[in-house]
Amino acid sequence: MSHDLRKIMVLGSGDIGRRVFHELAHSRHKRHVELVGRDEEALLRTTNMTRFCGLQRGFSPTVSHSTTDLVDVERTAERIAAFRPDVLFLSASYQSWWVISTLPQDAFQRLYAANYGPWLPMHLVPVMKAMEAVKLSGIEPVVVNAAYPDAVHPALASVGLSPDVGIGNVANNVPGLQAVAADHLACAPDDVEVRLIAHHYVSHRLSRRGDSGRARMSLAVLHRGSDITAELDIPGLLRRLPTEYRRTGGMAGQGMTAASALSVLEPLVNERDAFVHAPGPNGLLGGYPVAIESDKIRLRLPEGMSQDEALAINVSGQRQDGIAEIRPDGTVVFESSAMDIMSDELGYDCPEMPLTDAEGRAQEIAERFAAYRLRAAA
Ligand SMILES: NC(=O)c1ccc[n+]([C@@H]2O[C@H](COP(=O)([O-])OP(=O)(O)OC[C@H]3O[C@@H](n4cnc5c(N)ncnc54)[C@H](OP(=O)(O)O)[C@@H]3O)[C@@H](O)[C@H]2O)c1
């Protein structure tokens with residue numbers, strides 16, 4: 001194997017991890033992709049499946065797998081040091097967003113009303129463990145994370161453990177917006193560029209409701225490089241997302257998330273510059289347009305917008321998502337309206353969470369949620 005083969009490790013072998021692993025391996029670019037998870041048998045089968053599908057399509061991917069449990073930071077560090085990835089993609093979570101949708105419908109609707117923020121520990125803890133392992137490994141890959149980067153990254157940035165950039169969320173609506181605008185202008189999508197600043201809350205709501213609710217967002221539309229936002233009926237275009245431009249949702253809709261992940265990962269792996277959208281760039285709160293330049297992530301805000309203004313827009317989305325504040329020391333303060341629902345439904349009450357409490361809080365949510373599922377099914 002050549003020493004200059006680019007190496008990518010996908011850490012977390014659930015739905016998103018497997019989709020991204022599969023796509024990364026099916027490339028004309030020579031690279032080595034490793035899938036890492038907990039279940040040796042499942043990993044072996046997935047890796048072979050990806051390899052055989054690649055061969056069927058005329059690729060000859062270099063793929064491998066290895067095992068770790070993120071709770072074991074030393075073992076994860078050892079796996080990272082052994083593989084030496086250029087790029088590390090984190091796709092692990094203690095409880096993905098879709099898990100509550102597997103509850104009976106009425107229980108799901110009640111919990112859904114709490115929004116995403118209160119579940120933060122389920123996404124933050126595995127990322128924190130993975131980042132501790134990266135530090136311990138002595139290897140310095142570019143780290144890209146799928147799990148709630150809008151809030152996980154600013155919380156972990158306070159202790160120097162933020163991944164470099166997130167994927168999805170703000171990015172997941174960009175192609176839809178590009179298509180709506182291009183069709184409206186009767187031009188090719190390539191002639192249209194979108195610049196969106198939006199928190200996870202807004203991204204989630206846009207494709208379902210076609211507006212940003214009580215949160216703020218910023219959308220600029222450029223046609224062949226000229227900003228034409230003022231000439232467009234933006235609320236009217238947004239309303240078309242859940243109507244004429246509706247798309248597959250639920251777990252099958254995670255194909256969009258995987259595509260968003262690849263929009264960030266492919267340029268990083270191939271060392272090429274790109275303009276993309278991403279949440280949590282360099283530990284920032286919320287989602288932004290960003291440029292990837294020589295492996296570095298830089299904000300690309302619309303003309304005339306300051307970073308403080310973009311941050312304020314994202315903070316307004318964060319509040320609607322159920323997080324009142326992320327303090328400079330990483331302590332997360334939750335919105336009482338969201339936490340009241342968690343308390344009524346699960347018996348889980350966490351007004352604020354210092355980072356040192358995150359692991360215990362994740363454990364508590366897991367236990368209370370398991371008991372809730374049993375009650376809901378009875
Ligand atoms: N940014 C976006 O736009 C976007 C969109 C969709 C989803 N997401 C997020 O992406 C993340 C992954 O979602 P998903 O749907 O792929 O979830 P999933 O299918 O449940 O996969 C999660 C994976 O995490 C692994 N995991 C859990 N604890 C672990 C541990 N201690 N050590 C090692 N691995 C562990 C699980 O391993 P096992 O297989 O061994 O159980 C599982 O494979 C979630 O945070 C989800 O909310 C983001």
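Which residues does Thr 67 touch, not counting residues up to four places away in sequence? The list is Val 36, Gly 37, Arg 38, Glu 40, Leu 43, Arg 75 and Arg 79, where a contact means heavy atoms within 4.5 Å. Before we go on, some ground rules: this is a predicted model, in which local features need pLDDT of at least 70, side-chain atom pairs count only at pLDDT 80 or more, and totals for chains, interfaces and linings use all residues. Residues are numbered from 1 along each chain as its sequence is written, and side-chain values use heavy atoms, with hydrogens and water left out.

Back to Thr 67, which sits in strand β3, residues 62-67. Helices (H or I, at least four residues) and strands (E, at least two) are DSSP runs, numbered from the N terminus. With a relative accessible area of 19%, Thr 67 is buried. Buried means under 20% relative accessible area, exposed means over 50%, and partly exposed is in between (1.4 Å probe, protein chains only).

Now for the ligand. It is surrounded by 25 residues, and the closest are Ile 16, Asp 69, Trp 98, Tyr 116 and His 123; to be near it, a residue needs a heavy atom within 4 Å. A nitrogen atom of the ligand is 2.8 Å from an N or O atom in the side chain of Asp 69. Taken alone, the ligand exposes 930 Å², and the protein buries 87% of that. Those areas come from the Shrake-Rupley method with a 1.4 Å probe; for residues, only the protein chains shown count as cover. The elements that give two or more residues to the shell around the ligand are α1 (15-25) and α10 (254-270).

Let's look at α1 itself. Its buried residues include Asp 15, Ile 16, Gly 17, Val 20 and Phe 21. Among the elements that cover the buried residues of α1 are β1 (6-11), β2 (31-37), β3 and α10.

Next, the rings. Phe 108 and Tyr 112 both lie in helix α4 (residues 105-112), 4 residues apart, about one turn of the helix. An α-helix has 3.6 residues a turn, so residues three or four places apart point the same way. Phe 108 is buried at 14% relative accessible area, whereas Tyr 112, at 33%, counts as partly exposed. Elsewhere, Lys 7 lies over the face of Phe 83, at 5.0 Å from the ring centre. A charge sits over a ring if NZ of Lys or CZ of Arg is within 6 Å of the ring centre and within 35 degrees of the ring normal.

Leaving aside neighbours within four places in sequence, Lys 129 is in contact with Leu 70, Val 71, Val 73 and Glu 359. The side chains of Lys 129 and Glu 359 are joined by a polar contact of 3.2 Å. A polar contact is a pair of N or O atoms within 3.5 Å; within protein, one must be able to donate a hydrogen and the other to accept it, and residues adjacent in sequence count only if both atoms are side-chain atoms.
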